[in-house]
Amino acid sequence: MSFPPPLHPPFPAPRPAPRRPLGAVFAVAAGLLLAVAVAVNGLLFFGMAFAGDSCGTSAGTARFCDDSGVWILVAMFGPWVALAAAVVTVVLGAVQARRPWTALAVGVLVYAAGPALALFTVFG
């Protein structure tokens, strides 16, 4: 005597793993923004290296041309510090809070403070 085959398998069929194309899109977007930020910082660093040349003329701002040289360093390295803070913001927001696009937007705002500070320091 033989038994008929079962009408359904004893266990449900495994589902395919969900694909996350948005993760790849986020990584590409974050990488492109990082490349643009590094290029902008490089140009600002180069420009700030020569921005002190106008300090002997009337074109230099009082804040930038003080004798201590602190504001020159702020203008040169401020965008790099802001970029590091933005990278930390994006990584923590994407990994711990699991909100990558919101973290990317906040990271862009954090980064924008650095070049804005540098340009405000020089052109005040």
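This is a predicted model: local features need pLDDT of at least 70, side-chain atom pairs count only at pLDDT 80 or more; totals for chains, interfaces and linings use all residues.
Biologist: How many helices and strands does the secondary structure of the chain come to?
Modeller: From the N terminus on, the elements run α-α-α. The secondary structure therefore comes to three helices and zero strands.

Biologist: What share of the contacts in the chain with a separation of 6 or more comes from residues 24 or more positions apart?
Modeller: Contact here means heavy atoms within 4.5 Å. Among contacts with a separation of 6 or more, the share from residues 24 or more positions apart is 75%.

Biologist: Are α1 and α2 roughly parallel or antiparallel to each other?
Modeller: The axes of α1 and α2 come within 8 Å and cross at roughly 170°. Angles over 145 degrees count as roughly antiparallel. The two helices, α1 and α2, are therefore roughly antiparallel.

Biologist: Is the crossing of α1 and α2 left-handed or right-handed, and how many charged residues does the contact have?
Modeller: The crossing of α1 and α2 is left-handed. Residues of α1 in the contact include Leu34, Val38, Gly42 and Phe45, and those of α2 include Met76, Phe77, Leu83 and Val87.

Biologist: How are α2 and α3 oriented to each other, roughly parallel or roughly antiparallel?
Modeller: Helix α2 covers residues 70–95 and helix α3 residues 100–123, and the two pack with their axes 8 Å apart at an angle of about 175°. The residues of this contact divide into 20 nonpolar, six polar and no charged. Given the angle, α2 and α3 are therefore roughly antiparallel.

Biologist: Which residues of α3 meet α1?
Modeller: On the α1 side, the residues include Leu22, Val25, Ala29, Leu33 and Val40. The contact of α1 with α3 divides into 20 nonpolar, one polar and no charged residues. From α3 come Pro100, Trp101, Leu104, Val108, Tyr111, Pro115, Ala118, Leu119 and Val122.

Biologist: Is Asn41 buried or exposed, and which residues does Asn41 touch?
Modeller: Asn41 is found in helix α1, residues 21–51. Its relative accessibility is 0%, so Asn41 counts as buried. Leaving out residues up to four places away in sequence, Asn41 touches Pro79, Trp80, Leu83, Tyr111 and Pro115.

Biologist: How far apart in space are Phe77 and Phe45?
Modeller: Phe77 lies in helix α2. Phe77 is partly exposed, because its relative accessible area is 42%. In sequence, Phe77 and Phe45 are 32 residues apart, while from C-alpha to C-alpha the distance is 7.4 Å.

Biologist: Which aromatic pair do Phe46 and Phe50 form: stacked, tilted or edge-to-face?
Modeller: Both residues, Phe46 and Phe50, lie in helix α1, four residues apart, about one turn of the helix. Their ring centres are 5.1 Å apart, with 70° between the planes. Planes over 60 degrees apart count as edge-to-face. The pair of Phe46 and Phe50 is edge-to-face.

Conventions
Residues are numbered from 1 along each chain as its sequence is written. Side-chain values use heavy atoms; hydrogens and water are left out. Axes are lines fitted to C-alpha atoms, for helices over the stretch in contact, and angles run from 0 to 180 degrees between N-to-C directions. Angles under 35 degrees count as roughly parallel, over 145 as roughly antiparallel, 65 to 115 as roughly perpendicular and the rest as oblique. Ala, Val, Leu, Ile, Met, Phe, Trp, Tyr, Cys and Pro count as nonpolar, Asp, Glu, Lys and Arg as charged, and the others, Gly among them, as polar. Buried means under 20% relative accessible area, exposed over 50%, partly exposed in between (1.4 Å probe, protein chains only). A crossing is left-handed if the near helix is turned anticlockwise from the far one by less than a right angle, and right-handed if clockwise. Rings of Phe, Tyr and Trp (its six-membered ring) pair if their centres lie within 6.5 Å; planes under 30 degrees apart count as stacked, over 60 as edge-to-face and the rest as tilted.
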